[in-house]
Amino acid sequence: MTERTFSIIKPDATRRNLTGKVNAVIEDAGLRIVAQRRIRMSDTQAKKFYEVHAARPFYGELVEFMTSAPVVVQVLEGDNAVARYREVMGATNPADAAAGTIRKLYAESVGENSVHGSDSAENAALEIAQFFTEADIVG
Ligand code: GDP
């Protein structure tokens, strides 16, 4: 089933000039980048995006990190894109990530872990709508 997921290339990766390398892993996995924009995330945007983690001890650190340098927000499309991208990203903590995954290849720590990917189709739709309109997405 063709579906869409939402991706962010995080500040640790843009800072090290890894956008192209991350995109190569995404494309090699059979996912299509159908929308993409480099932005500086505002404090308000980051707080809203990670609202579900507001009670976690690392929330402040996470918001600070996400606003510390540019990010690349993306819409990915493909067969089972949500699950497929989670697989390609690897585990949250790079120490636990499988070989060949983006986080194993590039992440620096559990917090600065190079990429975000939606955890469900429902959240993907909400996250895409926070950063893109339908007109931005060209499949
Ligand atoms: P994900 O779905 O694999 O991104 O993981 P989670 O939904 O559990 O966490 C969201 C994001 O919060 C992660 O990708 C990390 O950037 C950050 N995060 C998670 N756990 C920690 C932690 O223990 N410390 C810090 N600083 N950040 C964390």
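In the predicted model, N17 is located in the loop that connects helix 1 (11–15) with helix 2 (19–28). The backbone of N17 adopts a phi near 65 degrees, a positive value in a residue other than glycine. Most residues other than glycine have a negative phi. N17 counts as exposed, because its relative accessibility is 69% and the threshold for that class is over 50%. A positive phi, near 70 degrees, is also found at S114, which belongs to the loop between helix 6 (102–106) and strand 4 (115–117). S114, however, is buried, its relative accessible area being 0%.

The protein chain contains 7 helices and 4 strands, arranged from the N terminus in the order β-α-α-β-α-α-β-α-α-β-α. Its radius of gyration is 14 Å, in agreement with the value near 14 Å that a compact globule of 139 residues would have. The C-alpha trace extends over about 35 × 35 × 25 Å along the principal axes. Buried residues make up 48% of the 139 residues. Of the contacts between residues at least 6 apart in sequence, 77% connect residues at least 24 apart. The accessible surface amounts to about 7100 Å², with 50% contributed by carbon and sulfur atoms.

As to charge, the chain carries 16 positive and 19 negative charges, whose mean positions lie 4 Å apart. Side chains of opposite charge can pair when their charged atoms come close. In total, 7 salt bridges were identified. One of these joins E77 to R4, with 3.1 Å between the closest N and O atoms. Because E77 is part of strand 3 (residues 71–79) and R4 of strand 1 (residues 2–9), this pair ties together parts that are 73 residues apart in sequence. E77 is buried at a relative accessible area of 18%, whereas R4 is partly exposed at 27%.

A salt bridge is also formed by the side chains of R16 and E108, at an N to O distance of 3.6 Å. This pair links distant parts of the chain, 92 residues apart: R16 in the loop between helix 1 and helix 2, and E108 in the loop between helix 6 and strand 4. Both residues are partly exposed, R16 with a relative accessible area of 32% and E108 with 48%.

R37 and D136 likewise meet through their side chains in a salt bridge (3.3 Å, N to O). R37 lies in strand 2 (residues 32–39) and D136 in the segment after helix 7 (121–131), so the pair ties together parts 99 residues apart in sequence.

Terms used. Residues numbered from 1 in each chain as written. Predicted model: local features only at pLDDT ≥ 70, side-chain atom pairs only at ≥ 80, totals over all residues. Heavy atoms only, no water. Helix = DSSP H or I, 4+ residues; strand = E, 2+ residues; numbered from the N terminus. Rg over C-alpha atoms; globule rule 2.2 N^0.38 Å. Buried < 20%, exposed > 50% of the residue type's maximum accessible area, 1.4 Å probe, protein only. Contact = heavy atoms within 4.5 Å. Areas by Shrake-Rupley, 256 points an atom, 1.4 Å probe, with all protein chains shown as cover. Lys, Arg positive; Asp, Glu negative; His and termini not counted. Charge placed at Lys NZ, Arg CZ, Asp CG, Glu CD. Salt bridge = Lys/Arg side-chain N within 4 Å of Asp/Glu carboxyl O.
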